[in-house]
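Please keep the sequence and the model side by side while reading.

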Amino acid sequence: MADLQFEKPLLELNAKIEELRKFTQEKHIDFSDEIVKLEARAKTLAEEIYGNLTPWQRVQLARHAERPTTLDLVREIFTDFIELHGDRVFGDDAAIVAGLAKFNGRPVTVIGHQKGKDTKDNIARNFGMPHPEGYRKALRLMQQADKFNRPIICFINTPGAYPGKAAEERGQSEAIARNLREMASFGVPIISVVTGEGGSGGALALGVGNRLLMFENAFYSVISPEGAAALLWKDASQAQRAAESMKITAKDLHEMGIIDEVVKEPMGGAHRDTAKAGDLLREALERHLCELSQMSREELIIDRYNKYKSIGTFALAAEPTTIPTNS
């Protein structure tokens, strides 16, 4: 498993514990007291590291190569998943997976960005960056869900929509804009979950829902920290500084009222225990889906409208006490 630089002290301590265990088995010397003390220290150190993560460290966890993908979470949370392919216009985009499944026995439509697990898989999945046909596939499945009154659950994990020439030629911006418009009008519950990276319009194209949840080590932003640093300071290496300033973590976004819930992760990140991460997310999805299922189609549309209408604040300028005159 790939490990991050800020985890190094904990990894070294765990390696020392394993070394003592191995030495005990091979030399038959009892180091149980030392092992117990080191294990207690490791637990405390883990709580200190993972309980006080900086925004940049959370970005690193969100991008971890072994972070659960949409298909990983589908296997943990849903049953009877049937993947459907193609946008009926151009082709099939492997960067978006979509299909039918059952959630606690109830039929739902599941859609999400899909990254690869290794270099070959990432190339096949275009590193989770969809072309227009990916968003059109997602829209086709959402329209089907609306027709047959199935809830829609979206998993967001993308650096952004693919910015290449071919994507632009096939209408990337139009495809994203159409998803935003159509998702606002569907009369079924829509729950979107940011599971890793939530990058720009590529993420937002699956994010117009009644509820927006985020794993605690995910981030959601109009631009990546590297991109923001390149624009603001002409230096992409200032990404850590940008991440601190942009308020892109789940905690920040929840405090600002942009997301509805922060979903806890296992200690060390969702990649450390995918099954437990799936259990935690399943519980949150069940609560929100039960609440939304009590609403009529019209109430769901109004609920979604009010959610986005309430984001952001502004102040009206004070009325002038006198009317200015020309001198």
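H6 is followed by Asn149, whose phi is positive, near 60°. Asn149 sits in the loop between H6 and S4. Helices (H or I, at least four residues) and strands (E, at least two) are DSSP runs, numbered from the N terminus. This is a predicted model: local features need pLDDT of at least 70, side-chain atom pairs count only at pLDDT 80 or more, and totals for chains, interfaces and linings use all residues. Residues are numbered from 1 along each chain as its sequence is written, and side-chain values use heavy atoms, with hydrogens and water left out.

**Positive phi**

- Most residues other than glycine have a negative phi.
- Asn149 is a residue other than glycine, yet its phi is positive.
- Asn104 also has a positive phi, near 50°.
- Asn104 belongs to the loop between strand S2 (96-103) and strand S3 (106-113).

**Helix H6**

- H6 has 16 residues, which at 1.5 Å a residue should span 22 Å. The expected span is 1.5 Å times one less than the number of residues.
- The end C-alpha atoms of H6 are 23 Å apart, which agrees.
- H6 is mostly covered, with 12 of its 16 residues buried. Buried means under 20% relative accessible area, exposed over 50%, and partly exposed in between (1.4 Å probe, protein chains only).

**Helix H8**

- H8 covers residues 172-183, and its 12 residues should span 16 Å. Its end C-alpha atoms lie 17 Å apart, in agreement.
- Gln172, Ala175, Ile176, Asn179, Glu182 and Met183 are the buried residues of H8.
- Seen down the axis of H8, these buried residues fall within an arc of 135°, so they line one face of the helix. The arc is taken from the directions from the helix axis to the C-beta atoms.
- An α-helix has 3.6 residues a turn, so residues three or four places apart point the same way.
- Ser173 and Arg181, on the other side of H8, are exposed.
- The buried residues of H8 pack against several elements, including helix H6 (132-147), strand S4 (152-158) and helix H14 (297-309). Contact means heavy atoms within 4.5 Å.

**Two buried polar side chains**

- Gln172, in helix H8, has a relative accessible area of 4% and is buried.
- A polar atom of the Gln172 side chain lies 3.1 Å from the backbone oxygen of Pro130. A polar contact is a pair of N or O atoms within 3.5 Å; within protein, one must be able to donate a hydrogen and the other to accept it, and residues adjacent in sequence count only if both atoms are side-chain atoms.
- Not counting residues up to four places away in sequence, Gln172 touches residues including His131, Tyr135 and Tyr162.
- Asn126 is in the loop between helix H5 (119-124) and H6. Asn126 is buried, at a relative accessible area of 18%.
- The Asn126 side chain reaches the backbone oxygen of Met129 at 2.8 Å.
- Beyond its neighbours within four places in sequence, Asn126 is in contact with His131 and Tyr162.

**Strand pairing**

- S2 and S3 run antiparallel, joined by eight bridges. Two strands pair if DSSP finds at least two bridges between them.
- Phe103 stands opposite Arg106 in S3.
- S3 and S4 are parallel, over four bridges. Gly112 stands opposite Phe155 in S4.
- S4 and S5 are parallel, over six bridges. Ile156 has Val194 in S5 as its bridge partner.
- S5 and strand S6 (residues 211-215) run parallel, with four bridges. Ser192 stands opposite Leu212 in S6.
- S5 also pairs with strand S7 (residues 219-221) in the parallel sense, over three bridges.
- In S5, 10 of the 10 residues are buried, so it is largely enclosed by the rest of the structure.

**Nonpolar cores**

- The largest nonpolar core has 54 residues. Such a core is a set of buried Ala, Val, Leu, Ile, Met, Phe, Trp, Tyr and Cys residues joined through side-chain atoms within 4.5 Å.
- Ile152 and Phe155 are among those with the most contacts inside the largest core.
- A second, separate core of 14 residues includes Leu10, Ile17, Ala46 and Leu61.
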